[in-house]
Amino acid sequence: EEFFCQHCQAEGIQDSFVETLDAIREECGFPFAVTSAYRSPQHPVEAKKAKPGAHASGKAVDILAHTERAYLLIEVALKHGIHRIGISQKGDMGSRFIHLDADTSKASPRVWSY
């Protein structure tokens, strides 16, 4: 359920991406709290965009992580072929996240901060 669209509960996350996430989680050795996964094109965040983003492709997630866990998550994700990574490490520790993105239709590799 954590992978469903938070707007309409639609399923759309790609199975192969979930398999990659499972491998990353196993190697990291800590549970992942997913704050955003699949977003339907009608999701308010996606609807504002000229073209739906990686979440709408079912190949992106935002995972709560900060400090050492954020660093490890990035390191392991890169080893598993994730080359589009967004980093949000400002503000309250409970809202810091790492965006992992395997959408090959987007420019790659790319790392950015929010």
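Predicted model: local features only at pLDDT ≥ 70, side-chain atom pairs only at ≥ 80, totals over all residues.
**Entry 1: the chain as a whole**

I started with the secondary structure and found 3 helices and 5 strands in the chain. Read along the sequence, they come in the pattern α-β-α-β-α-β-β-β. I then looked up the radius of gyration, which is 13 Å, close to the 13 Å that the globule rule gives for 114 residues, so the chain is as compact as a globular protein of that length.

Buried residues account for 41% of the 114 residues. Of the contacts between residues at least 6 apart in sequence, 65% join residues at least 24 apart.

Next I went to β3, which spans residues 84-88. How many of the residues of β3 are buried? I found 4 of the 5, so β3 is largely enclosed by the rest of the structure.

I followed the pairing on to β4 and β5. β3 and β4 run antiparallel and are joined by 5 bridges. β3 and β5 (residues 110-113) run parallel, with 4 bridges between them. I used Arg84 to trace both pairings: its bridge partner in β4 is Asp101, and its bridge partner in β5 is Arg110.

**Entry 2: Ser88**

I then picked out Ser88, which sits in β3. Is Ser88 buried or exposed? Its relative accessible area is 11%; the cut-off for buried is under 20%, so Ser88 counts as buried.

I listed what Ser88 touches, leaving out residues up to four places away in sequence: Arg96, Phe97 and Tyr114. I also took one distance, from Ser88 to Leu100. The two are 12 residues apart in sequence, and their C-alpha atoms are 12 Å apart in space.

**Entry 3: the largest pocket**

Last, I looked at the largest pocket, which holds about 210 Å³ of space. Its lining has 13 residues, and those nearest its centre are Lys49, His55, His99, Trp112 and Tyr114. Tyr114 was already in my notes as a contact of Ser88.

Which strand gives the most to this lining? I found that β4 (residues 97-101) does, with 3 residues. Sorted by class, the lining has 6 charged, 4 nonpolar and 3 polar residues. I closed the entry there.

Terms used: Residues numbered from 1 in each chain as written. Heavy atoms only, no water. 1 Å grid on protein atoms, 1.4 Å probe; cavity = no way out; pocket = protein on both sides within 12 Å on 5 of 7 lines; lining within 4 Å. Points joined across faces, edges and corners; volume = space filled by probe spheres on them. Helix = DSSP H or I, 4+ residues; strand = E, 2+ residues; numbered from the N terminus. Nonpolar A, V, L, I, M, F, W, Y, C, P; charged D, E, K, R; others polar. Buried < 20%, exposed > 50% of the residue type's maximum accessible area, 1.4 Å probe, protein only. Contact = heavy atoms within 4.5 Å. Pairing = 2+ DSSP bridges. Rg over C-alpha atoms; globule rule 2.2 N^0.38 Å.
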